[in-house]
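Dear colleague,

I am passing on the structure we spoke about, with the sequence alongside. Please open it first and then read the notes below.

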Amino acid sequence: MFRTLLVSLIALSSAAMAQDAQRFGLGTQLSVHGGVPVSGLEFVMPVAPDLQLNYAYVQGRTDIASEVNTTVVPYISRADFGLSETSVTLRYFFSNSFYAGAGAGYRTLDMKIEGLDYIDGTTFDGHYKSQALQGKVLIGNGWTFSNGLYLAVDWIGLAAPLTVTQSEFGATETTLDRSLSLTRSEENDPEYKRAADRISRTTMGTLLTLRLGFNF
């Protein structure tokens, strides 16, 4: 199915159907940001014959427990990772359908981790949250049809944090008899703070962002 979609999009690009940048548009976005499947809405506003301004909001969650688990203890029973992003992007069209874009956005990441150490029976609950302003660049192709439908694909994009506005990383460990419970957070553990900031500043890539909607 993916191969069929890719061939169809390349055929559309070869046909070089003209992009109508003079109309407003409302549509949806489907993509994967940094390994997280996301979906959301977008609003397209014409700025010039070859220039579009795009407002978008996407969000999604995924369980990455199987990716972080190894043969070594502790065992991760849950690793729920979420992402949401609000962005403003300018897309400039070269020729009929090809465009390059740049913009800015506000990204929120959060994660909940639960696990168990089989050796001593210790359980732990961890959390991570961050908000960051980011810059974005991308390239893609877009087509507008006579019935008002538009179809576009951001083939590849990068989103790099410019400023981290907040980051938090903490954990609670509880022994089997609960006599040695311990709570750590970024306030009292510099290593956690460094880890939170490092994750918050990660540049994320996107592949094949599908954009579909109607012009009006």
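Tyr92, at 39% relative accessibility, counts as partly exposed, a class that lies between buried (under 20% relative accessible area) and exposed (over 50%), judged with a 1.4 Å probe and protein chains only. Before going further, please note that this is a predicted model, in which local features need pLDDT of at least 70 and side-chain atom pairs count only at pLDDT 80 or more, whereas totals for chains, interfaces and linings use all residues. Residues are numbered from 1 along each chain as its sequence is written, and side-chain values use heavy atoms, with hydrogens and water left out.

Phe94 is likewise partly exposed, at 40% relative accessibility. Together with Phe98, Ile139, Ile156 and Leu207, Tyr92 and Phe94 make up a nonpolar surface patch whose accessible area is about 540 Å² in total. Such a patch takes residues with over 30% relative accessible area and no salt bridge, joining nonpolar side chains (Val, Leu, Ile, Met, Phe, Trp, Tyr) within 5 Å and like charges within 9 Å; a salt bridge is a side-chain nitrogen of Lys or Arg within 4 Å of a carboxyl oxygen of Asp or Glu, and the areas come from the Shrake-Rupley method with a 1.4 Å probe, only the protein chains shown counting as cover for residues. Ile139 belongs to strand S6 (residues 123-144) and is partly exposed, with a relative accessible area of 35%.

The whole structure holds seven aromatic pairs, that is, rings of Phe, Tyr and Trp (its six-membered ring) with centres within 6.5 Å, called stacked if the planes are under 30 degrees apart, edge-to-face if over 60 and tilted otherwise. In one of them, Phe24 and Phe216 are stacked, because their ring centres lie 6.3 Å apart with the planes at 20°. This pair connects distant parts of the chain, 192 residues apart: Phe24 sits in the loop between helix H1 (2-15) and strand S1 (25-33), and Phe216 in the segment after strand S9 (204-215). Tyr92 and Phe94, by contrast, pair edge-to-face, at 4.9 Å centre to centre and 80° between the planes.

Gln134 is also found in strand S6, but is buried, with a relative accessible area of 1%. Its side chain makes polar contacts with those of Glu85, at 2.6 Å, and Arg107, at 3.5 Å; a polar contact is a pair of N or O atoms within 3.5 Å, where within protein one must be able to donate a hydrogen and the other to accept it, and residues adjacent in sequence count only if both atoms are side-chain atoms.

Notes
Helix = DSSP H or I, 4+ residues; strand = E, 2+ residues; numbered from the N terminus.
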